[in-house]
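I went through it residue by residue and kept short notes.

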Amino acid sequence: MPKLVLKSHGAVIKEIPLDKSRLTIGRKPDNDIVLDDQAASGHHARVIQIQSVFFIEDAGSSNGTFANGKRTDRKQLVHGDQITIGQHALLYQEDNTASVVPPPKQSFDADKTVVMTPALQRELLKAQGGKAAGAAQAKKVVVILQTVSGSTDQKEYKLSGPVAIIGSQDSAAIKLTGWFAPKRAALLNRQGGGYAVAPSEEGKKILVNGTTIQGSMALKEGDLIEVAGVTLQYSTKEE
């Protein structure tokens with residue numbers, strides 16, 4: 001399950017699982033995530049889920065909501081995105097990533113403001129650094145789609161987010177460039193360490209290894225996807 005990791009001044013306060021379709025953030029106590037921060041509005045922002053995709057939306061705040069350092073009204077969240085509200089940061093993580101929560105000996109009350117002394121902050125940051133170093137040593141599996149035939153804007157694509165669109169629209173991860181290319185030809189949804197392909201609402205026919213699929217189908221090494229006049233080959237590699 002995806003989650004948000006709440007931080008203040010670089011130190012982790014708690015993790016919030018995204019187990020509901022709407023989660024509110026702000027200074028008032030009726031929010032799902034309450035921020036003791038004068039820079040935060042009473043109802044500052046919200047995280048919403050549309051199908052399997054999560055978005056951060058500003059709720060008309062005074063000081064703005066920032067994603068990866070840029071002010072935003074709405075942004076689709078992908079693994080590693082950092083949302084900044086005042087002095088607090090919320091790191092979006094997918095469920096297949098290592099936890100960055102400090103050791104259990106540090107106990108926090110989610111309903112109270114956490115006072116970070118210099119000694120406590122150093123200890124927490126040291127613990128996080130050790131976990132990050134261990135994660136860096138592990139090999140990362142990267143999913144790749146390679147254009148075999150047809151008109152696309154690249155020959156090879158690396159997939160990382162929870163959802164990837166195949167189509168001609170600007171936000172498509174695999175962008176089709178033919179004259180009559182549909183805006184949303186197909187959807188790729190993350191499943192575990194890989195992806196499944198499914199038709200979009202436009203209902204374009206999709207073939208995997210020459211066979212028309214009905215609904216979603218998990219992809220495996222070497223599969224050939226044919227849609228809207230384009231053929232793509234699915235593969236993985238370690239980095």
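Entry 1. Is Thr-65 buried or exposed? I looked up its accessibility in this predicted model. Thr-65 comes out at 1% relative accessibility, so I count Thr-65 as buried, the cut-off being under 20%.

Entry 2. I placed Thr-65 in strand β7, which covers residues 65-67. Next I checked the Thr-65 side chain for polar partners. Another goes to the side chain of His-44, at 3.4 Å. I then listed what Thr-65 touches beyond four places in sequence; His-44, Ala-45, Ile-56, Asp-58, Ile-83 and Ile-85 are among them.

Entry 3. I moved on to strand β12, residues 141-149. I found β12 antiparallel to strand β22 (residues 230-238), with eight bridges joining the two. β12 also pairs with strand β13 (residues 156-159), again antiparallel, over four bridges. I picked Leu-145 to follow across. Its bridge partner in β22 is Tyr-234, and in β13 the partner of Leu-145 is Tyr-157.

Entry 4. Last, I looked at confidence. The protein averages a pLDDT of 82, and 80% of the residues score at least 70. Over residues 97-116, pLDDT stays under 50. I noted 36 contacts beyond four places in sequence for that stretch in the model.

Technical notes. Residues are numbered from 1 along each chain as its sequence is written. Side-chain values use heavy atoms; hydrogens and water are left out. Two strands pair if DSSP finds at least two bridges between them. pLDDT is the predictor's confidence in each residue, from 0 to 100. Contact means heavy atoms within 4.5 Å. Buried means under 20% relative accessible area, exposed over 50%, partly exposed in between (1.4 Å probe, protein chains only). A polar contact is a pair of N or O atoms within 3.5 Å; within protein, one must be able to donate a hydrogen and the other to accept it, and residues adjacent in sequence count only if both atoms are side-chain atoms.
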